[in-house]
Amino acid sequence: MLLSELLYTIPIKSVSGITDIEISKIEFDSRKIELNTLFVAIPGTQVDGHNFIQKAIESGATAVLCERFPEVLIDNITYILVENSAKCMGIAAGNFYGNPSRNITLVGVTGTNGKTSIATLLFNLFRKLGYKCGLLSTVQNQVEDEVIPSTHTTPDSVKINELLSTMQQKGCIYVFMEVSSHAVEMQRIAGLTFAGGIFTNITQDHLDFHLTFDNYIKAKKGFFDMLPKTAFALTNADDKNGKVMLQNTAATKYSYSLKNIGNFKGKVMDCGLFGLQMDVNGQEVWFKLIGNFNAYNLLAVYGAAVLLGENSENILTILSELKPPPGRFEQILAADRRVGIVDYAHTPDALQNVLETIKDLREGNQKVITVVGCGGNRDKGKRPLMAKIACELSDIVILTSDNPRNEEPEDILADMQAGVSITQKRKVFQITDRREAIKKAAELAGSQDIILVAGKGHETYQDVKGVKSHFDDKEELGLAFKA
Ligand SMILES: CC(=O)N[C@H]1[C@@H](OP(=O)(O)OP(=O)(O)OC[C@H]2O[C@@H](n3ccc(=O)[nH]c3=O)[C@H](O)[C@@H]2O)O[C@H](CO)[C@@H](O)[C@@H]1O[C@H](C)C(=O)N[C@@H](C)C(=O)N[C@H](CCC(=O)O)C(=O)O
Ligand SMILES: Nc1ncnc2c1ncn2[C@@H]1O[C@H](COP(=O)(O)OP(=O)(O)OP(=O)(O)O)[C@@H](O)[C@H]1O
Ligand SMILES: N[C@H](CCC[C@H](N)C(=O)O)C(=O)O
Ligand SMILES: [Mg+2]
């Protein structure tokens with residue numbers, strides 16, 4: 001594609017060089033340049049992409065999109081100066097792939113918890129309603145049956161447009177995607193046209209990146225601020241910040257609620273180990289998902305499907321058959337009836353919801369043993385809070401590792417221990433090795449006791465110092481139960 005076509009609608013401050021040159025790739029990493037690449041220089045959290053302009057040119061880049069020109073401009077290279085290169089890369093990526101988001105119905109889901117659950121349920125629901133669909137999620141990306149591994153909850157803007165383009169070519173009508181706060185802040189969704197946006201909830205997470213809760217709210221709100229007039233914006237009326245999210249949106253506003261007034265009203269009638277019985281806008285339905293928090297996810301899915309024009313009864317009939325995505329409240333039973341639950345709760349709010357659900361479900365003298373850790377190089381403020389919640393709602397807690405990344409596992413555990421009160425110390429074990437921690441939990445559990453292994457859910461690796469080794473909580477729990 002010609003560079004001039006790629007730059008269509010990009011607010012350009014200045015150009016040096018010619019724009020009628022052929023571009024075959026857009027790339028923001030100087031290590032991945034091919035011949036005739038447009039290199040986009042982005043200031044990052046670790047380094048500034050502007051430092052790699054020279055290297056990108058040496059590797060074959062013929063055009064550079066940047067926020068400041070290098071001191072020396074090279075002949076035959078075109079430099080385009082813009083205010084925000086990440087944002088402009090999103091627009092260029094859209095142009096490069098023919099703006100696929102305009103030709104499909106793209107629905108985004110944002111919020112601290114519940115994005116994967118809602119996006120995946122919508123994907124499965126709409127496929128069963130007879131549409132070809134795509135999914136961009138933390139667990140995996142999917143084009144109908146084809147699975148494309150995902151590296152992020154929301155990929156970069158070039159990858160998103162590439163995936164959307166493939167989805168469009170394969171005939172997808174609907175695409176459901178997670179929109180992380182990182183993605184909004186880093187302009188990964190710039191230039192996309194959404195048909196709808198859904199807000200789940202906002203509680204503490206990612207303050208390592210956003211620094212303040214206020215910034216975190218603003219990042220999520222940024223998604224609704226960019227929705228067009230034609231889109232719907234569906235919020236959770238029971239979340240303190242549900243209204244704030246839609247304050248400045250041009251989209252048509254709707255809400256769902258279990259406790260307040262809303263367009264989509266739900267009431268939990270019963271919640272057991274086999275599912276939820278709910279009243280949804282006056283219709284009584286059984287769902288296979290467990291826990292009050294999933295009542296919110298189901299209502300959001302129901303609301304979005306109605307807003308997309310589907311028949312209420314059809315939606316509820318199919319939804320009642322759907323299962324949660326992998327690693328979300330997944331149960332593993334031992335032969336002697338010890339109960340294992342693997343759940344992706346990796347925020348204080350999620351852990352509290354899951355443990356409260358377990359508390360409501362357990363009978364009489366069933367003990368609850370929680371195995372939990374906190375990620376390295378992530379929000380440190382979550383650590384004591386998660387340990388505190390685990391202690392308050394469990395009989396035994398085993399603090400362990402969850403992707404320590406480049407931090408010392410013991411340092412993370414020390415941060416968690418700060419949330420354990422003196423009286424709670426006696427029920428807390430600290431076992432750095434997650435495999436050993438799970439084994440210990442299985443040993444301590446008696447028949448019918450419940451073991452919650454929280455934080456990693458579907459993940460199949462443990463990231464230690466940048467090396468990802470195979471590790472799967474479900475597998476480990478299964479083995480520990482057989483030992
Ligand atoms: C904090 C964060 O999100 N960082 C992402 C970001 O990296 P960065 O801005 O820090 O990049 P950097 O290393 O400072 O480099 C700046 C620029 O220089 C370029 N560069 C760098 C080195 C070089 O030799 N040449 C070169 O051109 C880089 O390509 C980049 O464009 O851009 C990279 C490329 O897209 C991402 O891989 C990287 O994700 C890291 C790995 C990450 O862990 N991200 C997590 C926190 C994340 O995004 N999570 C969210 C939310 C999770 C959820 O709650 O679900 C997600 O959406 O997944
Ligand atoms: N609506 C909800 N409210 C609160 N907690 C929830 C909700 N839905 C799911 N959870 C909890 O959060 C965990 C993660 O759920 P899910 O993967 O759907 O969230 P996510 O927003 O996609 O997370 P991530 O930010 O990692 O992508 C679940 O395992 C469960 O413990
Ligand atoms: N999307 C979240 C996932 C956290 C999952 C947990 N297992 C961890 O590694 O901290 C993040 O990147 O912060
Ligand atoms: Mg997710």
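Biologist: What should helix 12 span, going by its residues?
Modeller: At 1.5 Å a residue, the 14 residues of helix 12 (348–361) should span 20 Å, and its end C-alpha atoms are 20 Å apart, so that agrees. The expected span is 1.5 Å times one less than the number of residues. Helices are DSSP runs of H or I, at least four residues, and strands are runs of E, at least two, numbered from the N terminus.

Biologist: Before we go on, what are the ground rules?
Modeller: This is a predicted model: local features need pLDDT of at least 70, side-chain atom pairs count only at pLDDT 80 or more, and totals for chains, interfaces and linings use all residues. Residues are numbered from 1 along each chain as written, chains are lettered from A and ligands numbered from 1 in the order written, and side-chain values use heavy atoms, leaving out hydrogens and water.

Biologist: Back to helix 12, which residues are buried?
Modeller: Pro 348, Ala 350, Leu 351, Val 354, Leu 355, Thr 357, Ile 358 and Leu 361. Buried means under 20% relative accessible area, exposed over 50%, partly exposed in between (1.4 Å probe, protein chains only).

Biologist: And what covers them?
Modeller: The cover includes strand 14 (264–272), helix 10 (292–307) and helix 13 (382–393), with contact meaning heavy atoms within 4.5 Å.

Biologist: Switching topic: which protein donors does the magnesium ion (ligand 4) have?
Modeller: Thr 116 (OG1), Thr 138 (OG1) and Glu 178 (OE), 2.1 to 2.2 Å from the ion. Donors are N, O and S atoms within 2.8 Å of the metal (3.2 Å for Na, K and Ca); water is not among the atoms, so sites may look incomplete.

Biologist: Where do Thr 138 and Glu 178 lie?
Modeller: Thr 138 lies in the loop between strand 7 (133–136) and strand 8 (140–143), and Glu 178 in strand 10 (174–178), so the pair ties together parts 40 residues apart in sequence.

Biologist: Is Glu 178 buried or exposed?
Modeller: Glu 178 counts as buried, at 1% relative accessibility. Thr 138 also counts as buried, at 16%.

Biologist: What about ligand 3, which polar backbone atom is 2.8 Å from one of its nitrogen atoms?
Modeller: One of Gly 455. An oxygen atom of ligand 3 is also 2.8 Å from an N or O atom in the side chain of Asn 403. A polar contact here is a pair of N or O atoms within 3.5 Å; within protein, one must be able to donate a hydrogen and the other to accept it, and residues adjacent in sequence count only if both atoms are side-chain atoms.
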